[in-house]
4 protein chains.
Amino acid sequence: MDVIGHLINGRRSTEATRTQVVFNPAIGEVTKEVSIAPKETVEEAIAAAQAAYTEWRDTPAMKRARIMYRFKALLEEHSDRICELIGAEHGKICHDAAGELQRGIENVEYACGAPELLKGEHTKNVGPNIDAWSEFQPLGVVAGITPFNFPAMVPLWMFPMAIVCGNTFVLKPSERDPSSTMFIAELLHEAGLPAGVFNVVNGDKVAVDTLLEDKRVKAVSFVGSTPIAEYIYSTAAANGKRCQALGGAKNHAIVMPDADMDNVVNQLLGAAFGSSGERCMALSVAVAVGQRAGDELIEKMKAAMESLKVGECSDKTNDFGPLITKEHKDKVVGYINSAEEQGAAVIVDGRNPTVPGYENGYFVGATLIDNVTKDMTSYEEEIFGPVLQVVRVDTMEEAMQLINDHEYGNGTCIFTRDGEAARYFSDKIEVGMVGINVPLPVPVSYHSFGGWKRSLFGDLHAYGPDAVRFYTKRKTITQRWPSAGVREGKTFSFPS
Amino acid sequence: MDVIGHLINGRRSTEATRTQVVFNPAIGEVTKEVSIAPKETVEEAIAAAQAAYTEWRDTPAMKRARIMYRFKALLEEHSDRICELIGAEHGKICHDAAGELQRGIENVEYACGAPELLKGEHTKNVGPNIDAWSEFQPLGVVAGITPFNFPAMVPLWMFPMAIVCGNTFVLKPSERDPSSTMFIAELLHEAGLPAGVFNVVNGDKVAVDTLLEDKRVKAVSFVGSTPIAEYIYSTAAANGKRCQALGGAKNHAIVMPDADMDNVVNQLLGAAFGSSGERCMALSVAVAVGQRAGDELIEKMKAAMESLKVGECSDKTNDFGPLITKEHKDKVVGYINSAEEQGAAVIVDGRNPTVPGYENGYFVGATLIDNVTKDMTSYEEEIFGPVLQVVRVDTMEEAMQLINDHEYGNGTCIFTRDGEAARYFSDKIEVGMVGINVPLPVPVSYHSFGGWKRSLFGDLHAYGPDAVRFYTKRKTITQRWPSAGVREGKTFSFPS
Amino acid sequence: MDVIGHLINGRRSTEATRTQVVFNPAIGEVTKEVSIAPKETVEEAIAAAQAAYTEWRDTPAMKRARIMYRFKALLEEHSDRICELIGAEHGKICHDAAGELQRGIENVEYACGAPELLKGEHTKNVGPNIDAWSEFQPLGVVAGITPFNFPAMVPLWMFPMAIVCGNTFVLKPSERDPSSTMFIAELLHEAGLPAGVFNVVNGDKVAVDTLLEDKRVKAVSFVGSTPIAEYIYSTAAANGKRCQALGGAKNHAIVMPDADMDNVVNQLLGAAFGSSGERCMALSVAVAVGQRAGDELIEKMKAAMESLKVGECSDKTNDFGPLITKEHKDKVVGYINSAEEQGAAVIVDGRNPTVPGYENGYFVGATLIDNVTKDMTSYEEEIFGPVLQVVRVDTMEEAMQLINDHEYGNGTCIFTRDGEAARYFSDKIEVGMVGINVPLPVPVSYHSFGGWKRSLFGDLHAYGPDAVRFYTKRKTITQRWPSAGVREGKTFSFPS
Amino acid sequence: MDVIGHLINGRRSTEATRTQVVFNPAIGEVTKEVSIAPKETVEEAIAAAQAAYTEWRDTPAMKRARIMYRFKALLEEHSDRICELIGAEHGKICHDAAGELQRGIENVEYACGAPELLKGEHTKNVGPNIDAWSEFQPLGVVAGITPFNFPAMVPLWMFPMAIVCGNTFVLKPSERDPSSTMFIAELLHEAGLPAGVFNVVNGDKVAVDTLLEDKRVKAVSFVGSTPIAEYIYSTAAANGKRCQALGGAKNHAIVMPDADMDNVVNQLLGAAFGSSGERCMALSVAVAVGQRAGDELIEKMKAAMESLKVGECSDKTNDFGPLITKEHKDKVVGYINSAEEQGAAVIVDGRNPTVPGYENGYFVGATLIDNVTKDMTSYEEEIFGPVLQVVRVDTMEEAMQLINDHEYGNGTCIFTRDGEAARYFSDKIEVGMVGINVPLPVPVSYHSFGGWKRSLFGDLHAYGPDAVRFYTKRKTITQRWPSAGVREGKTFSFPS
C-alpha cells in the first residue's frame with residue numbers, strides 16, 4: 001500500500017516507525033497510509049527550514065514573487081490531478097474541489113504582489129536631516145497546521161504569503177487527506193523554490209507540539225476546531241510565539257420578509273450542503289423573520305432539496321459527497337437525532353441516504369430541520385454536516401440577538417432588498433465576515449479572512465493584507481549622517 | 001497624607017481597604033499613598049468601560065478625534081504641572097520629564113488623524129456587481145498596564161489610539177508614580193471625553209490578574225520587564241485575548257573606527273545616563289571596534305562625564321536624578337560590584353555620589369566600565385541604571401555577533417560615516433529599532449515602537465500604524481443586491 | 001472708506017493705484033474698497049513666496065503641522081468674527097457661514113496629519129543590496145484662485161494642504177468678498193507661520209495671468225466657473241505648470257417612487273436654496289420618476305417652501321440671504337423668466353420677494369419650477385440661484401440618461417430605499433460625487449472633492465488624499481553602497 | 001516589401017494610401033514599410049476602443065488582471081522573437097533588447113496586482129450612520145504615444161496599467177521601429193484580451209493630433225523629446241484632457257573623490273554607451289570633483305573604453321549598436337565636433353568607427369570628451385548618442401549647482417562612500433530620479449518613473465503607483481439609508 005511521506009529539504013521521505021491509515025470515504029475503505037512523524041522528523045524539517053532561511057531572506061521580493069507566478073501556472077496546469085487527489089481522500093465532488101483550488105490559487109496571485117505589499121514607510125526629516133523608515137522583515141521559520149476540509153485551499157492561505165515575505169515554512173497538513181497537499185508542495189519546488197524553504201511533515205499531536213515548542217519556529221498559523229485553536233493559541237503564546245488560530249463556526253443567515261425567496265433558496269442550497277457542510281463558512285442556520293417568510297422558506301427549500309444528489313467525487317452531476325469518516329458521520333446523525341428528540345421537526349431527512357454502489361460510504365443526505373431553538377444541542381454546537389436548521393423569530397432584532405449571543409462569530413448573511421436593514425445588520429452584527437445577499441461571504445484573496453469571538457484567536461486575520469503583517473516584523477531605522485568632510489571639502493587629500 | 005485613588009466612570013474614588021506608600025526618591029521619604037484596588041474595584045472599572053462602549057463605538061471617528069485635539073492643547077497648557085508630578089514621584093529632572101511628555105503628546109497628535117487611519121479598503125466588483133470592503137471596528141474594552149519609568153509617555157502610547165479607534169479603556173499605571181498619570185486622565189475628561197470611556201485603577205498583581213482574566217477585556221497592552229511581559233502575554237492568550245507585551249532591553253552602540261568620536265561621546269552621555277538609565281531604550285553597552293576607537297572612547301567619555309550633575313528634579317542644571325527605589329539603587333550598585341569582581345575596570349565610579357541636601361535620595365552617579373565581556377552578569381542582564389559598559393572587539397562582525405546573540409533585541413545604534421557599514425548593520429542586526437548615528441532610535445509617533453526577540457511578545461508593535469490594527473478588528477462585508485423591481489419598473493404601483 | 005489690501009511677506013499693504021468697490025449685498029450699497037494688484041505686486045508676492053521656500057521646505061513636516069494645530073484653534077476661537085465678515089460681503093446667513101467655516105476647518109485638521117500623509121514608499125532589496133524609496137517633495141511656489149461663494153472654505157481647501165506639504169503659497173481670493181479670507185490669513189500668521197510662506201493678493205485678470213505665466217509658480221488650483229476653469233487649465237499647461245481647475249455644475253437628484261417623500265423634501269430645501277443656491281454642489285434639478293412621485297414632490301415642496309425666510313445675514317431665523325450682485329440677481333431672474341417662456345410652470349415664484357428693511361438688497365426668493373425639459377435654457381445652464389427645477393420622467397433609466405447627457409458631472413443624488421437601485425446608480429452615473437439619500441454629497445475632508453466631465457479639469461481632485469499628490473512631486477532614490485573597507489577590516493588604519 | 005499596418009478592434013489592417021519606410025540601421029537599408037494612418041483610421045481605432053469600453057469597464061479587476069498573467073507568460077515565451085524585431089529596426093544588441101523587454105515585463109507584473117492597487121478608501125460613519133467611500137473608476141479611451149528608443153518597454157509602461165484599470169487604449173508607437181510593438185500587441189490578444197480594448201495605429205503628426213483633439217480620448221501619455229512633450233501637454237490640456245508628457249534629459253553623475261574609481265568606470269560604461277546612449281536615462285555627463293578624481297576618471301575610462309565593441313544586434317559580443325537614422329548619426333557627430341571646436345578635448349573619438357561588414361550602418365563609437373564646460377552646445381542640449389562628457393569642478397556644491405541649473409531634471413547619480421554626501425545630494429538635487437552609486441536609477445516597476453523640471457509635464461509620473469491615479473478618476477459616494485420599515489417591523493405585511 002502507498003505510504004504518503006514527508007517533504008523535507010526538497011526530498012520526499014517516509015517513516016519506518018509509525019503510519020496511520022487513509023480512507024476513501026466514498027467507499028469506506030483504507031486506500032493508503034500516511035507517515036506519522038516523530039519529534040525528530042519534525043525537528044529535521046525545522047532544521048531544514050532554518051538552514052534555508054538566510055539565503056531566502058536575502059533574495060529580493062521580486063525574485064521570490066516570480067516563483068509564485070510559475071507556481072500559479074503549474075497549479076492551473078495540474079488542476080485536474082489535484083482535484084482527483086482531493087476527491088479520493090476527502091470525498092468532495094470534482095467541481096467543488098476545483099472551486100477550492102481556484103480560491104487557493106487566488107492566494108498565490110496575491111502573493112505575486114509581494115514587491116508592492118512589502119513596501120515600508122519612509123519619512124524624510126523626522127527631525128532636521130534625520131530620516132526614518134520601516135521595513136517588513138521576515139520572521140524566520142514559521143509553521144502551518146491545517147484541517148482536512150480544505151486540503152488544498154487552507155495551506156494555500158498560508159504558505160505562499162509566508163514564503164513570499166521571506167520566511168521558510170513547515171506545514172503539517174491533515175493526516176486524513178494529505179495527498180493533494182503533498183502534490184502541491186512538489187509543484188512549488190518545480191516552480192523553482194529552493195530546497196528547505198517549504199517543508200511538509202505529516203503527523204499528529206506529536207508533530208503539532210514539536211512545532212509549538214521548538215524555539216526556532218517563530219509563528220504558527222492554524223485552522224481547525226475551536227478547542228484545538230485555543231490550545232494552539234495559548235501554547236504558542238506560552239512559548240513566546242506569535243499565533244493566529246482559526247476555529248469553529250455557526251453561520252446564520254437572516255431571511256427577511258422582503259427577500260426574494262427563490263434567490264434565497266438557490267443560495268442556501270450550496271451554502272448549506274456544499275462539501276457536505278464541512279466548511280467553516282457553511283451556512284448551517286437560517287433565521288426566518290416572520291411567519292410567512294418561515295413557511296415559504298421551508299416549503300421552497302423542501303422542494304428544491306429533492307433534486308440534490310449525493311455521491312462519489314468524480315461524478316460531476318453529484319452535488320456533494322460523503323463525510324470524512326465513519327465517526328464523523330455518526331456524530332452528524334447524532335445531532336439530527338438530538339434535534340428531533342429535543343422537539344425540532346426534521347422536514348427533509350438525510351440520515352439514511354441511498355447511494356447505489358457506495359453502500360459503505362460515509363454519506364449523509366441533505367437535511368432540513370424546522371423549529372430549532374437556541375437551547376438545542378444541535379444549535380449550540382457546530383455540526384459540520386449537510387444539515388440546515390431553521391429558527392423562526394418575529395423580528396430582525398431577535399434574529400440579530402441570536403447571532404450575537406452565539407459563541408462563534410465567523411460568517412453570517414442577511415437576505416433583504418432594503419438598504420437600511422443591510423447597513424444596520426452589517427454594522428451591529430458581532431461577526432467578522434458579513435454577507436449582504438451573499439451566503440458565503442468568504443473574502444477574496446486581497447481582503448483578509450477572519451471571524452470574531454471564539455472563531456479566531458489572535459489579532460491578525462488569515463491571508464490578504466493582514467497576512468503581510470503576520471508573516472513579517474517591522475524594523476524601524478532612524479538615520480542621521482554626521483559629516484565626514486567629503487561634502488564640504490574643496491581640497492581633497494582624502495583618503496591619502 | 002494624600003491618597004491617590006482611581007478614576008472610574010469619570011469619578012475619582014479611593015479604597016478604604018488597602019494602600020501602598022509612594023516615595024519621593026530624591027529625598028527618600030514617603031510623601032503619598034496610593035489605593036490598591038481589589039478585584040471588585042477593577043471589575044467596576046471594566047463595567048464602566050463596558051457600559052460606555054456602545055455609544056462611544058458609534059461616535060464618528062472625527063468626533064472622537066476632536067477630543068484628542070482638545071486633549072493635546074490641555075496637555076501643552078498644563079505641561080509644567082505634569083512635569084512636577086513626574087519629578088516628585090519618579091525623580092527625573094524637569095527637562096527630561098518635558099521631553100517624555102512631548103513624545104507622549106506626539107501620540108495624541110497621531111490619534112488626531114483617526115479619520116484617515118481608520119479607512120477600510122473598498123473593492124468594487126470583486127465579482128460582477130458584487131462589492132466588498134473592510135472596516136476597522138473597535139474591540140470593546142481594552143486594558144493597559146504601564147511601568148514606572150515613563151508615567152506620562154507610555155500610557156500615552158496606548159490609550160489615545162485605543163480610544164480614538166472606538167474602544168473604551170482601563171489603565172493600570174505603575175503604583176510607584178501614578179500622580180502624573182491621574183492628572184493626565186483628568187485632562188482627557190476635561191477635553192470632553194464621556195465618562196466611562198477611560199478609567200484608571202491603581203493596584204498590584206490582583207488588578208493585573210483581574211484585567212487578564214475578565215472576559216470583557218478584549219486586549220491587553222503591556223510595557224515592563226521581560227519576565228512579567230511573558231507572564232502577561234501567555235496569560236492573556238490563555239484567556240483568549242490579543243496581547244502586545246513589551247519587555248526588557250540591552251541596547252548596544254557599535255562605535256566604528258571612522259566615527260566622529262566627539263559626536264559619539266556627546267550622544268552617549270544622554271543616551272546612557274539620561275533618566276538615570278531607567279529607559280528601555282537606554283544605551284547601556286558601547287562596543288568599540290578596534291583598539292584605538294576603544295581607547296579614545298574611554299578617554300573622551302571619562303573627561304566628558306566629569307561635568308555630569310546628578311540631583312533633584314526641579315533643578316534644571318541637573319542632568320539626571322535618583323533611581324526609583326532604595327531596592328533598585330542597591331541592585332544597580334550590585335551590578336557595578338559584580339562587574340568589578342568579574343574583572344572589568346570601573347573607570348568612572350558613581351556608586352557613592354555626593355548630592356548635597358539629598359543625602360537620603362536614591363542616587364547613583366554616572367558610571368563607566370571598561371573591558372566588560374559577554375559572560376559577565378552585568379552584561380547579560382538589564383541594569384536599568386546610569387551605567388555604561390564598554391566591550392572591546394576587533395571587528396564589526398564580532399560586534400554584531402554580540403548583539404545578535406543577546407536575548408534582547410529592542411534598540412541599537414551604529415556610529416559610522418560609511419554608507420555600506422550602516423546598511424549592512426541595519427539589514428543584518430536582529431533588533432527592532434535601529435539607529436544610524438542616532439543613539440536612541442525611538443520611532444516617531446507615526447511609525448511604530450517595538451523590539452525583537454525577548455523584548456516584545458506579540459505580532460503588532462506599540463503606537464503608530466501598528467496600533468490601528470492592534471486596537472481594531474477587521475470586519476469584511478461582501479454585498480450583492482438582488483433586484484427589487486424598483487430600478488427596472490416603468491409603471492410604479494409600489495408599494496401601494 | 002476701508003481699503004482691503006494684500007498680505008505679502010507677512011505684511012499688509014494697499015495699492016495706491018487701483019481699487020474696486022465691495023458691496024454689502026443685503027443693502028445693495030458699497031461698504032469697502034479692495035486693492036487691485038498690478039503685475040508688480042503679484043510678482044512681489046511670488047518673490048516673497050520664493051524667498052521663503054527653501055527654509056520652509058526644510059522644516060520637518062511635523063513642525064509644519066504644529067502650526068496647523070494652532071491655526072485650527074484660532075479659527076475656532078474667532079469663528080463668529082469670520083462669519084460676520086462673510087455675511088457682510090457675501091450675504092450668507094451666519095449659521096450657513098458657520099457651516100462653511102466648519103468644513104474649512106476640517107481641511108486644516110486633515111493637514112495636521114501631514115507626517116502620516118507624506119510618507120514615501122521604501123523597498124529593501126529592489127535588487128541584491130540595492131534599496132529604493134520615494135519621497136513626496138514640495139513643488140515650490142503654488143497659487144490658488146478662489147471664488148466668491150465660499151470665501152473661507154475654498155481657500156481652506158487649498159492652502160493648508162499646500163503649505164503643510166512644504167510649499168509656499170500665493171492666494172488670489174475673490175475680489176467681491178475678500179475680508180474673511182484676509183482675516184483668516186492673519187490668523188495663520190498668528191499661529192506661527194513664517195512670513196512669506198502664505199501671501200494673499202487681491203486683484204483681477206491681471207493678477208490671474210501673472211500667476212499663470214510666472215515661471216516661479218509651479219502649480220495652480222482654481223475653483224470657479226467652467227469657462228474660466230478651461231482658460232486657467234489650458235493657460236497653466238501652456239506655461240508648463242500642473243493645474244487642477246474646478247468648474248460649474250448642474251446637480252440632479254433622482255426621486256424614486258419608493259423614496260420617503262417627507263425626507264426628500266426636507267433634504268431638498270437646504271440643498272436647493274441654502275446659500276441662495278450659490279454653491280457648486282447646490283441641488284438645482286429634481287428628477288421625479290413616475291407621475292405620482294412628481295405630483296407628491298411638487299405638492300410637498302410647495303407647502304414646505306412657504307415657511308422659508310430670506311433676509312439679512314445676522315438674523316439666524318433667516319434661511320438664506322441675497323445674491324452676490326445686482327447683475328447676478330438679474331441673471332437668475334432671467335433664467336426663471338426664460339423657463340416660464342419656454343413652457344415650464346413656475347409653482348413657487350421668488351422673483352419679487354419682500355424683505356422689509358432691505359428693499360435694495362439683491363434678493364431672490366426660493367423658486368420652484370415644474371415640467372422643466374432638457375432643452376430649456378434654464379436646464380442647460382448653471383443658474384447659481386435659489387431655484388429648484390423639476391423634471392419628470394417615467395423611469396430611472398431616463399433619469400440617469402439626463403444626468404449622463406449633461407455637460408457637467410459634479411454632484412448628484414438618488415433618493416430610494418432600494419439597495420439595488422442605489423448601487424446601479426452609483427456605479428453607472430457619470431458624476432464624481434454621488435449621494436445615496438444624501439443631497440449634498442460633499443466628501444469629508446479626508447476624502448477628495450472633484451467632479452467629472454466639464455466640472456473639473458486635471459487629474460487630481462481637491463483636498464484629501466489627492467491634494468497630497470497634487471502639492472508634491474515624487475523623488476525616487478535608488479541606492480547601493482560599495483564597500484569602503486570599513487566594515488570588513490580587522491586592522492584599522494583608516495583614515496590615517 | 002512588408003507593410004506594417006495597424007491593429008484595430010483585434011484585426012490587422014494596412015493603409016492603401018500612405019506609407020513610410022523603415023530602416024535596418026545596422027545596414028542602412030530600407031527593409032519594411034509602415035502604414036501612416038490618416039485621421040479616419042485613427043478615429044476608427046478610437047471608435048473601436050469606445051465600443052469596447054463599457055463591457056471592459058464592468059469586467060472585475062481580477063479578471064482583467066488574469067489576462068496580464070497570461071500576457072506575461074507569452075512575453076517570456078516569445079522574448080527571443082521580440083528582441084530580434086527590436087534589433088532589426090532599432091539596432092540595439094540582443095542582450096540590451098532583452099533587458100528592455102524584462103523591464104517592460106515587470107510593468108505587466110505590476111498590472112497583475114490590479115485588485116490590490118484599485119482598492120478605494122472606505123469610511124464608516126463620516127457622520128452618524130453615514131458612510132462614504134471612494135472608487136477608482138476608469139476614464140474611458142486613453143492614448144499612448146511612444147518613442148523609437150524603447151519600442152517594447154515604453155509602451156509596456158503605459159497600456160498594461162491603463163487596461164487593467166478598466167480603460168481601453170489606442171497606442172501610436174514610433175513609426176521607426178513598430179514591429180516589436182505590433183507583435184507584443186498580438187500577444188496581448190492571444191492572452192485573451194477582448195477585441196477593441198487595445199488598438200495600435202501607426203502614423204505621424206496627423207495621428208497624434210487626432211488623438212489629442214478627439215473628445216472621446218480622455219487622457220494622453222507621452223514619452224519623447226521636450227519640445228514635443230510641451231506641445232502634447234499644452235494641446236491635450238487645451239482640449240480638456242489629462243496628460244503626462246515625459247521629455248528630454250541630461251543626466252549627470254557626480255564622481256566624488258572618495259568613490260571607488262574602478263567601480264565608477266564599470267558603471268559608467270554601460271550607463272553612458274549602452275543602447276548607443278539613446279536612452280532618456282543615459283548618463284551623458286560625469287562631473288568629477290577635484291583634480292585627482294578627474295584625472296583618474298579620464299585615465300581609467302579611456303583604458304576601459306578600448307574594449308568596447310560596436311556592431312550588429314544579433315552578435316552578443318557587441319556592446320552597442322548603430323544609431324537610429326543617418327540624420328541622427330550626423331547630429332551626434334555634429335555635437336562632438338562642436339565640443340571640440342568650443343574647446344573641449346576629445347579623448348576617445350568614436351566619430352569614425354570601423355564595423356566590418358556594416359559599412360553603411362549608422363554607427364558612432366563610444367566617445368569620451370574632457371574639459372567640457374557649461375556653456376558648450378554639447379553640454380546644454382541632449383545628444384542622445386554614445387558620448388560621455390566630463391566636466392571638472394572643485395567642489396560638490398559646484399557639481400550640484402551645475403545639475404540644478406540645467407533645464408532638465410530626469411536622472412542623476414552620485415558616486416561616493418559617504419553617507420552624508422549621499423543624503424545631502426539626494427535631498428537637495430532638483431532631479432526626479434536619483435541614484436546613489438547607481439548610475440541608471442530607473443525606478444523598479446512598483447515605484448514610479450518621472451523627472452522634474454522640463455523633463456516631465458504633468459503631475460503624475462509614469463507606471464507604478466502614480467499610474468493607478470493617472471488612469472483612473474475617483475468617484476466618492478456618500479450614503480445614508482432612511483428606514484423602509486423592514487428592519488423595525490414586527491408584523492410584516494410588506495409587500496402585500
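Is N9(B) buried, partly exposed or exposed? N9(B) is partly exposed, with a relative accessible area of 27%; buried means under 20% relative accessible area, exposed over 50%, and partly exposed in between, with a 1.4 Å probe and protein chains only.

Before going on, note that this is a predicted model, in which local features need pLDDT of at least 70, side-chain atom pairs count only at pLDDT 80 or more, and totals for chains, interfaces and linings use all residues. Residues are numbered from 1 along each chain as its sequence is written, chains are lettered from A and ligands numbered from 1 in the order in which they are written, and side-chain values use heavy atoms, with hydrogens and water left out.

**Stop 1: two loops of chain B**

Stay on N9(B), in the loop between β2 (6–8) and β3 (11–13) of chain B. Helices (H or I, at least four residues) and strands (E, at least two) are DSSP runs, numbered from the N terminus. N9(B) is not a glycine, yet its phi is positive, about 55 degrees. Most residues other than glycine have a negative phi.

Next select F384(B), in the loop between α13 (377–380) and β17 (387–393) of chain B. Its phi is also positive, near 60 degrees, and F384(B) is not a glycine either. F384(B) is buried, at 18% relative accessible area.

**Stop 2: a helix of chain B**

Select residues 419–428 of chain B, which form helix α15. Eight of its 10 residues are buried, so the helix is largely enclosed by the rest of the structure. Among the buried ones are G419(B), R423(B), F425(B) and D427(B).

**Stop 3: a sheet in chain A**

Move to chain A and show β1, β5 and β4, which make an open sheet of three strands in the order β1-β5-β4, with mixed pairing. Two strands pair if DSSP finds at least two bridges between them. The edge strands, each pairing on one side only, are β1 (3–4) and β4 (19–24). Strand β5 (residues 29–35) runs parallel to β1(A), and two bridges join them. For a point to zoom in on, V3(A) stands opposite E33(A) in β5(A).

**Stop 4**

Finish with V30(B), in strand β5 (residues 29–35) of chain B. V30(B) counts as partly exposed, at 32% relative accessibility.
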